[in-house]
Amino acid sequence: MSGMTTTDYSSFQVTSLTPHLAAEVDGLDLSSPLSAAEQADLQRAWADWSVLVFRDQQLDRDAHKAFARSLGEIHVHPMNYARNQDPELLIVKTTADSPYTAGDAWHTDVTCDEFPPMASALYITETPACGGGDTLYADMYLAYEMLSPPMQSFLEGLTAVHDGALPYVGAYKSMPPEGGYPRNEHPVIAVHPTTGRKVLYVNSGFTSHIKGMHRWESRALLDSLFDMIATTPRLHARVEWEPNTLTLWDNRCTQHHAVWDYHPNSRYGERVSVIADARPAGVAG
Ligand code: SIN
């Protein structure tokens, strides 16, 4: 592990993966309920780093869900309606026969929902024997801050449409439920409810277009923002999984990309997500 170790949290030690995004937490056992002091430190560390990595966790499904529930109400993934499994779990399983791996493009989880998940907790128990299978994260606070002031002001007035059919039908070829997958509008620049900081809140996974613009204008603008997110290494942190690692990320200020570089090897994990209690809010509130 490299990075700066900070002792700002009395319940555990935190070592950053980059100066601004993602940190490893050492000294917290997620298999049993956290004390009030641990919860408070966790909330602080999560607000500071957006992505927290916990190694060597021994979690059964109940413990994984209990940890997620300690942050809020568990989210049910829209694709789970057709799956014969626990609706509160998203199975992230990739084998030699998989037609795709979940999340193999820059995205924020399920922004097609009216109340998208604020948090996702992915617990990986099998990593590819050949190495690889890392997850990249991108800092959407910094993405906003790296835009020029005129571009920031322009984007602050805009609203985008986020459409579940884009990934779930377009990329994953799944059969939509009756009435279709969710489709909702969110501000292009949102304000994080805890930190009060502004974030760029469009993602190539779900954002189909910007309201009130010609199609070509919307496409050009979104593509340039998506290019910036994908091609600016300063925005990124990389989590290298080991078996029994849980990573908790904040969907309100990050994007992520699962790297499928390990075919025909396998990788297995389970994700539990937590619904936000408010819709993403724009700059005007
Ligand atoms: C996801 O939640 O998008 C999957 C991430 C991963 O498998 O690394």
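Biologist: Thanks! Which residues are around the ligand, and what makes a residue count as near a molecule?

Modeller: This is a predicted model, so the answer is computed from its atoms. A residue counts as near if one of its heavy atoms lies within 4 Å of the molecule. The residues around the ligand are V92, A102, G103, H107, D109, L122, T135, W249, H256, A258, R267 and R271.

Biologist: How many residues of that shell are nonpolar, polar and charged?

Modeller: The shell has five nonpolar, four polar and three charged residues. Strand 15 (254-258) and strand 16 (267-275) each supply at least two residues of the shell.

Biologist: How much of the ligand does the protein bury?

Modeller: Taken alone, the ligand exposes 260 Å², and the protein buries 99% of that.

Biologist: Where does the ligand sit?

Modeller: The ligand sits in the largest pocket.

Biologist: Now the strands. Why are strand 1 and strand 2 called a pair?

Modeller: Pairing needs at least two bridges between the strands. Strand 1 (residues 5-6) and strand 2 (residues 13-16) are joined by two bridges, so they pair, and they run antiparallel. T6 has V14 as its bridge partner in strand 2, and a hairpin joins the two strands through six residues.

Biologist: What makes strand 2 and strand 3 a pair?

Modeller: The rule asks for at least two bridges, and strand 2 and strand 3 (residues 23-26) have four, in the antiparallel sense. V14 stands opposite V25 in strand 3. In the hairpin of these strands, A22 takes a positive phi near 80°.

Biologist: In what order do the strands of the open sheet come, and why do strand 1 and strand 5 stand at the edges?

Modeller: Eight strands form the open sheet in the order 1-2-3-4-14-6-16-5, with mixed pairing. Strand 1 and strand 5 (90-94) each have a single partner strand, so one side of each is left without a neighbour in the sheet.

Note on methods: Residues numbered from 1 in each chain as written. Predicted model: local features only at pLDDT ≥ 70, side-chain atom pairs only at ≥ 80, totals over all residues. Heavy atoms only, no water. Areas by Shrake-Rupley, 256 points an atom, 1.4 Å probe, with all protein chains shown as cover. 1 Å grid on protein atoms, 1.4 Å probe; cavity = no way out; pocket = protein on both sides within 12 Å on 5 of 7 lines; lining within 4 Å. Sits in = over half its atoms within 2 Å of the grid points. Nonpolar A, V, L, I, M, F, W, Y, C, P; charged D, E, K, R; others polar.
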